[in-house]
Amino acid sequence: MNITLINVNGHRISNQDLNVVITSNGETVDSFTLRTDADGQTSIDISYPVGIYEIAVEYLGNGYFEATSNRAVISVSSIETRLSSFNY
């Protein structure tokens, strides 16, 4: 999952900390801090078991840029796997 921190004028904000909380069924699954890169971007590797997750991202501001937050809901699904066997 890619995250970009953008100010009100559409400019990307670099080297800022974002607080991330991932929940499922109302319980916290994971929480951590990410830092945006020189392009104002960062990402989350989604490697959770099958289920529905809410990802909350919060930026606390820095005295110049105001605080902001956003949420997303993702669904982690299973993928059909097939095994083939050939006897020669």
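Predicted model: local features only at pLDDT ≥ 70, side-chain atom pairs only at ≥ 80, totals over all residues.
Student: Where is N25, and what is its phi?

Tutor: N25 is in the loop between β2 and β3. Its phi is near 55°, a positive value in a residue other than glycine. Most residues other than glycine have a negative phi.

Student: How do you know that β2 and β3 pair, and in which sense?

Tutor: Strand β2 (residues 17-24) and strand β3 (residues 27-35) share 8 bridges. Pairing takes at least two bridges, so these strands pair, and the sense is antiparallel. S24 sits opposite E27 in β3, and the hairpin has 2 residues between the strands.

Student: What makes β2 and β5 a pair too?

Tutor: They are joined by 5 bridges, and β5 covers residues 51-59. At least two are needed, so β2 and β5 pair, running antiparallel. One of the partners to look at is A56 in β5, which bridges to V21.

Student: Why is N15 called partly exposed?

Tutor: N15 has a relative accessible area of 45%. That lies between the 20% and 50% cut-offs, so partly exposed is the word. N15 is in the loop between β1 and β2, and has a positive phi of about 55° though not a glycine.

Student: And why is T42 called buried?

Tutor: T42, in strand β4, has a relative accessible area of 13%. Buried means under 20%, so T42 qualifies. Beyond four places in sequence, T42 is in contact with residues including M1, L18 and L34.

Key:
Residues numbered from 1 in each chain as written. Heavy atoms only, no water. Helix = DSSP H or I, 4+ residues; strand = E, 2+ residues; numbered from the N terminus. Buried < 20%, exposed > 50% of the residue type's maximum accessible area, 1.4 Å probe, protein only. Contact = heavy atoms within 4.5 Å.
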